[in-house]
Every structure is written in structure tokens, then in C-alpha cells.
Amino acid sequence: MLVLLAGIFVVHIATVIMLFVSTIANVWMVGSSSFGTASWGLWLLCNKTCQQLTVRGSDEASLKAVQAFMILSVIFSVIALVMFIVQLFTLEKGKRFYITGAIMLVCWMCILIGVSIYTARFTGRMLEFTRPHHGYCFILAWICFCFSFIISILYLVLRKK
């Protein structure tokens, strides 16, 4: 049981770190331009230097929504980690980690909404770049989506022994 708790804790910390990286770094999409390879994410467009990411007026609300949901997912993941530690020391034997599991499900839902909006609105939309493809931050966000779902189910099923 102790090994299972330690494993879940390590995967949860890895998920938090990957969520931070995928939200902060600007490599959600990568493409080639006349200036070389460029990458863009939720905040900046980077080539040799980075500048503010500019989108069309109709896509600005979508970008703000993706930014908000990814920030919320980081916040909920950190809160769930803290709640797990608190419940680990205060929960009676035989009880389940319902609060931690519920918070991680909210985190999972925020990741799902944020990455889905980005996929629908911004994949392949940068017309000035040739051969755009997804960067590592986008892939990390989907990995965090899977991990947060698995962790939340484990928290809901797991009993304190």
C-alpha cells in the first residue's frame, strides 16, 4: 500500500511539473518561415526573438479561454496535491480520498477543455509558416490529461490503510 501511495504521489508531482512546463513554454506549435524555425504557444511567438502572440480578433477569446483553462488546471493540480498530503495525515483508516479525486477530476476537465479549444481553433492556422506541426508542450498537455484522469480514478478508489 505504501508503494502504491508513493507511486501515485510521484506521478502526481510529475503531472504538476509537466502542466507547468506545457503552460509556460511556448512550443505548442512549430513551423518554418523565411527567418528559420518558429514556435508559438499560449503566450509568445518565438523565432530568433520572442514577441507577443498576435491572433485574429475572432480567435482572441479562444486564446484567452485556453490560457485560463490551462492556468486553472495547474492550480487545481497543485491544490489536489496539497489535499492529498493533508488527507494522508488526517483521514481515518478505511476512508477514501474523495476530495483529492474530485479536485483532480476538475483539473482533468480543465485540461480537456483547454487543449480541445486549442486543437479546434489554432492547429494549422498560422498561414505565414510552412509545415506547422505540434510541439512538445501540446503533447505534454495531452499526457497530463491522461495522467490526471488515471490519478483521479486511483484517488477515488484508493482507501487509506
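Modeller: A residue counts as buried under 20% relative accessible area, as exposed over 50%, and as partly exposed in between, with a 1.4 Å probe and protein chains only as cover. This is a predicted model, in which local features need pLDDT of at least 70 and side-chain atom pairs count only at pLDDT 80 or more, whereas totals for chains, interfaces and linings use all residues. Residues are numbered from 1 along each chain as its sequence is written, and side-chain values use heavy atoms, with hydrogens and water left out.

Biologist: How many aromatic pairs does a search of the whole structure find?

Modeller: Rings of Phe, Tyr and Trp (its six-membered ring) pair if their centres lie within 6.5 Å, and the planes count as stacked under 30 degrees, edge-to-face over 60 and tilted otherwise. The search finds eleven such pairs. In one of them, the ring centres of Phe84 and Phe97 are 5.3 Å apart with planes at 50°, so the pair is tilted. Phe84 belongs to helix 2 and Phe97 to the loop between helix 2 and helix 3, 13 residues apart, where helices (H or I, at least four residues) and strands (E, at least two) are DSSP runs numbered from the N terminus.

Biologist: Which parts does the pair of Phe84 and Tyr155 tie together?

Modeller: The rings of Phe84 and Tyr155 have centres 5.0 Å apart and planes at 40°, so this pair is also tilted. Since Phe84 lies in helix 2 and Tyr155 in helix 4, the pair ties together parts that are 71 residues apart in sequence, and both residues are buried.

Biologist: Which residues touch the most other members of the largest nonpolar core?

Modeller: A nonpolar core is a set of buried Ala, Val, Leu, Ile, Met, Phe, Trp, Tyr and Cys residues joined through side-chain atoms within 4.5 Å. Here the largest core has 40 residues, and Trp28, Met70 and Tyr118 touch the most other members. Helix 1 (2-24), strand 1 (29-33), strand 2 (36-40), helix 2 (57-90), helix 3 (98-122) and helix 4 each supply at least two of the core residues. Beyond its neighbours within four places in sequence, Met70 is in contact (heavy atoms within 4.5 Å) with residues including Leu19, Trp28, Leu42 and Val115.

Biologist: Is Ile150 buried or partly exposed?

Modeller: Ile150, found in helix 4 (residues 136-157), is partly exposed, with a relative accessible area of 46%. Ile139, whose place is likewise in helix 4, is partly exposed at 45%. Ile150 and Tyr118 are 32 residues apart in sequence and 23 Å apart in space, C-alpha to C-alpha.
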